[in-house]
Amino acid sequence: INTETGVARWIAHALLPTTTLLILEADAYAEGDIARMCDIAQPHVSIITAFGDQHMERLGTHAQLVQATQEAFACAHETATLVAREDVWEALRAGSYTYAGKTECTADRVHADYADCEGALLALSTTHRSAALLSLAVAHSLHVPIRFVMAALANVHTPHRRQELKKIHAGGSVYDGLDDSYNISLITATHALRAARAEADRLRKKLVVLAAGIPEALDAGSENTKLALSCLEIADHT
């Protein structure tokens, strides 16, 4: 439901009157999409997770991708807290985007209030650790006690079909697998390859990669060539 229509329908039909905290996801297929979603539900805390390449074939250039995504910050509440990693802030500064009156927060390290979470973060995958740092920055802005944060970090689950470990039954044999078939992009694919290599090394097994390519790349040939080269570098067989 991360589109304008989906957000509007969900708020109209499913939002409970007793709700005190609402978390919404917004995705940009074109400039103006996120701005209109912010008109429907203006955020007091806004997070940009990445300038991902999932919709580059629609937006056309990286500059347009940044322009469309930064609407999450530009159209947030006038006193909103804005959360992102340093690489996102660097891209915004390169595009001369500024957000006067709003609190800008960089989420590359654990806030002092949650220093005791360091051990739990080390147990997470690279992808989950990055997401957890963004979450900790939000938790700090909302004054969430550390006991709740620790409990959440202890129960992190891999999303369905995103670096999901599973058993594969084929030809009477059972293989260990890592499924990253949902919402694939060059960024998520290379992250998954590294995670699969680490899992194969842990199990002392060879890594076989089955890849269907990236359908939503701006330049499908170029992006898929990069994916193929990554497979050759990381996998034992592709």
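Modeller: Rings of Phe, Tyr and Trp (for Trp, the six-membered ring) are paired when their centres lie within 6.5 Å, and the pair is called stacked if the planes are under 30 degrees apart, edge-to-face if they are over 60, and tilted otherwise. By this rule there are 2 aromatic pairs. One of them joins phenylalanine 73 to tyrosine 99 in an edge-to-face arrangement, with 5.6 Å from centre to centre and 90° between the planes. Phenylalanine 73 belongs to helix 5 (residues 71-74), whereas tyrosine 99 lies in the loop between helix 6 and strand 3, so the pair ties together parts that are 26 residues apart in sequence. Helices (H or I, at least four residues) and strands (E, at least two) are DSSP runs numbered from the N terminus. The model is a predicted one, in which local features need a pLDDT of at least 70 and side-chain atom pairs count only at pLDDT 80 or more, while totals for chains, interfaces and linings use all residues. Residues are numbered from 1 along each chain as its sequence is written, and side-chain values use heavy atoms, with hydrogens and water left out.

Both partners of this pair are buried, phenylalanine 73 at a relative accessible area of 0% and tyrosine 99 at 6%; buried means under 20%, exposed over 50%, and partly exposed in between, with a 1.4 Å probe and protein chains only. Phe73 and Tyr99 also belong, together with Trp89, to one aromatic cluster.

Serine 96 is exposed because its relative accessibility is 62%, and its phi is near 65°, a positive value in a residue other than glycine. Most residues other than glycine have a negative phi. Glutamine 163 likewise has a positive phi, near 55°, and is found in the loop between helix 9 (146-153) and strand 4 (164-170), but glutamine 163 is buried, at a relative accessible area of 15%.

Threonine 81, in strand 2 (residues 81-84), counts as buried because its relative accessibility is 15%. With neighbours within four places in sequence left aside, threonine 81 is in contact (heavy atoms within 4.5 Å) with His44, Val45, Ser46, Thr103, Cys105 and Ser141.

Two further loop positions complete the picture. Aspartate 116 sits in the loop between strand 3 and helix 7 (118-122) and is exposed, at 63% relative accessibility. Apart from neighbours within four places in sequence, aspartate 116 makes contact with Ile146 and Met150, while the C-alpha atoms of aspartate 116 and alanine 63, which are 53 residues apart in sequence, are 38 Å apart in space. Isoleucine 184, in the loop between strand 5 (173-179) and helix 10 (186-203), is partly exposed, with a relative accessible area of 25%. Not counting residues up to four places away in sequence, isoleucine 184 touches Ala189, Gly213, Ile214 and Pro215, whereas 23 Å separates its C-alpha atom from that of lysine 206, 22 residues away along the chain.
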